[in-house]
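Here's a quick briefing to read with the model open on your screen. Take it topic by topic and click along as you go.

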2 protein chains.
Amino acid sequence: MDTRAPAAAARSPWLPFESRRRARDEKREAVLRTAVQLFLEQGYHRATLNEVADRLNITKPALYNYFRSKEDILFECWTIGQERVEDQISETDAAEGSGLTKLRRMVHAYAEIMASDFGASLVRFNVADLSEPNQKSTLAGKRRIDRAFRGYIEHGIADGSIRPCDVKLTAFAILGALNWIGHWYKPEGELTPAQIAEDFAVRLTAGLEKLPDKKKAARPRTK
Amino acid sequence: MDTRAPAAAARSPWLPFESRRRARDEKREAVLRTAVQLFLEQGYHRATLNEVADRLNITKPALYNYFRSKEDILFECWTIGQERVEDQISETDAAEGSGLTKLRRMVHAYAEIMASDFGASLVRFNVADLSEPNQKSTLAGKRRIDRAFRGYIEHGIADGSIRPCDVKLTAFAILGALNWIGHWYKPEGELTPAQIAEDFAVRLTAGLEKLPDKKKAARPRTK
DNA sequence: ACTTTTTATTACCCACGGGTAATATAACTG
DNA sequence: CAGTTATATTACCCGTGGGTAATAAAAAGT
């Protein structure tokens with residue numbers, strides 16, 4: 001752990017080390033990107049590590065320099081998707097705004113994630129293909145996503161931006177519509193992820209907003 | 001195709017034949033019910049025919065009296081789910097009512113189907129696990145479902161029961177929320193399929209109905 | 001009772017693909 | 001340039017599980 005460089009070397013001696021580490025990480029990522037695509041195309045079980053390696057112009061055993069098993073790769077694909085969602089949750093939680101606003105933001109972000117390979121992993125892969133501990137991790141992740149959405153809805157009901165409703169079923173309906181994107185979205189299609197996100201952000205929340213109360217506010221003709 | 005019975009036999013001679021055929025069909029169905037459950041529990045690839053057979057108190061080769069291959073079983077599970085949906089489509093098409101009414105009816109029926117094993121097959125199984133011709137069949141089926149939902153929406157817009165909207169995305173959102181039921185519904189949960197169907201039938205269509213026009217109709221306070 | 005057909009069992013085959021051992025080669029280190 | 005480490009290859013192992021052949025047991029037919 002000596003960080004001091006030998007005086008002789010003109011170029012900083014830790015650069016090669018760092019660049020090597022980076023090269024390694026890039027290769028790891030390349031494996032993951034290739035694998036997730038193949039898994040999505042053919043399904044986890046039909047996709048073979050030989051074909052993953054082929055697409056990367058290497059051979060199967062080379063993959064084991066970066067991952068310990070096929071399931072390891074699967075789990076990491078899932079983890080990346082999960083992390084992207086959790087990052088958005090943190091961001092949304094930290095931001096200002098009513099419950100409805102937060103929900104909209106989250107729907108928007110989640111829709112775009114679902115239109116990516118790692119996002120689609122979250123709904124296209126079978127939890128049963130993971131080891132016990134990894135299954136627990138995925139289930140915990142799913143629960144956190146669920147909790148976040150329900151939280152925004154409850155928050156919105158509390159602050160008056162969302163009309164009272166069955167929180168659980170509302171969240172299921174919204175998440176269902178969103179998760180389904182992972183099944184039908186095709187990059188070569190007409191709709192861009194941004195367009196889908198834009199649309200769903202209003203579509204899925206349109207029925208929830210509490211309209212200005214017509215009884216008390218005699219003249220809510222703001223527009 | 002001679003339906004007349006020999007005079008000698010007191011009991012109708014085609015009964016044993018019929019009952020045998022029925023017994024066979026019942027066994028076939030038992031295989032499918034067991035298989036679909038196992039496939040849903042563990043995923044198609046992890047589930048083995050040996051275990052299917054075990055649960056039926058027979059051995060693996062006995063299954064081949066009823067099915068030609070594992071994929072055959074998978075496809076038939078899918079077909080049963082598909083048929084249930086198509087039956088509902090036919091029924092809904094034939095019935096009277098506005099586009100909105102038909103859409104609601106279809107949502108209701110579809111939700112209940114999704115809460116059944118064979119219904120869940122439609123969204124939990126991987127199309128890539130089927131042979132080429134069977135894949136085509138499933139994709140055609142998916143398209144027909146899509147077309148039906150879009151048809152009701154278009155119909156509703158035309159007859160004024162549904163406000164104009166993006167038909168494709170509306171259908172995707174509704175079908176997504178419905179299909180997701182196949183992922184989260186658990187028989188041991190609190191909600192019954194009927195309750196879910198009831199709720200979703202209004203929830204997923206609430207934002208679509210064309211409210212009485214406030215400009216022209218001066219007093220549409222029907223309720 | 002004898003034959004034929006249906007249904008099931010036991011015992012086996014073998015393709016597939018995940019994973020490993022032995023080893024070569026390229027890449028840094030000093 | 002030696003020496004070490006990281007990375008890749010070739011060749012192989014072997015568990016798993018779908019599927020089959022040979023055959024037995026049960027049921028139906030005559």
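This is a predicted model: local features need pLDDT of at least 70, side-chain atom pairs count only at pLDDT 80 or more; totals for chains, interfaces and linings use all residues.

Residues are numbered from 1 along each chain as its sequence is written, while chains are lettered from A and ligands numbered from 1 in the order in which they are written.

**How the two chains relate**

- Any two copies of a chain are related by a rotation about an axis and a shift along it.

**Where chain A meets chain B**

- Chain A puts 23 residues into the contact and chain B puts in 23 residues; two residues are in contact if their C-beta atoms, placed from the backbone, lie within 7 Å.
- On the chain A side, helix 8 (167–184) and helix 9 (193–203) each supply at least two residues. Helices are DSSP runs (H or I, at least four residues), numbered from the N terminus.
- Helix 8 of chain A gives the most to that side, with 9 residues.
- By class, the side of chain A that touches chain B has 11 nonpolar, 7 polar and 5 charged residues. Ala, Val, Leu, Ile, Met, Phe, Trp, Tyr, Cys and Pro count as nonpolar, Asp, Glu, Lys and Arg as charged, and the others, Gly among them, as polar.
- The copies meet through the same surface, because 100% of the interface residues of chain A are also interface residues in chain B.

**Around DNA strand C**

- There are 18 residues around DNA strand C, and Ser69(A), Lys70(A), Thr59(B), Pro61(B) and Ala62(B) come nearest. A residue is near a strand if its C-beta atom, placed from the backbone, lies within 6 Å of it.
- Helix 1 of chain A has the largest share of this surface, 3 residues.
- The surface near DNA strand C splits into 8 nonpolar, 5 polar and 5 charged residues.

**Around DNA strand D**

- DNA strand D is surrounded by 19 residues, the closest being Thr59(A), Pro61(A), Leu49(B), Ser69(B) and Lys70(B).

**Spots to click on**

- Ala95(A) sits in the loop between helix 4 (70–94) and helix 5 (99–114) of chain A. Ala95(A) is exposed because it has 10 other C-beta atoms within 10 Å; 12 or fewer makes a residue exposed, 20 or more makes it buried, and in between is partly exposed, with C-beta atoms placed from the backbone.
- Leaving out residues up to four places away in sequence, Ala95(A) touches Lys102(A) and Arg105(A).
- Helix 5 of chain A is mostly covered, with 13 of its 16 residues buried.
- Over in chain B, Ile89(B) belongs to helix 4, and Ile89(B) is buried because 21 other C-beta atoms lie within 10 Å.
- Ile89(B) and Arg143(B) are 54 residues apart along the chain, and their C-alpha atoms are separated by 13 Å.
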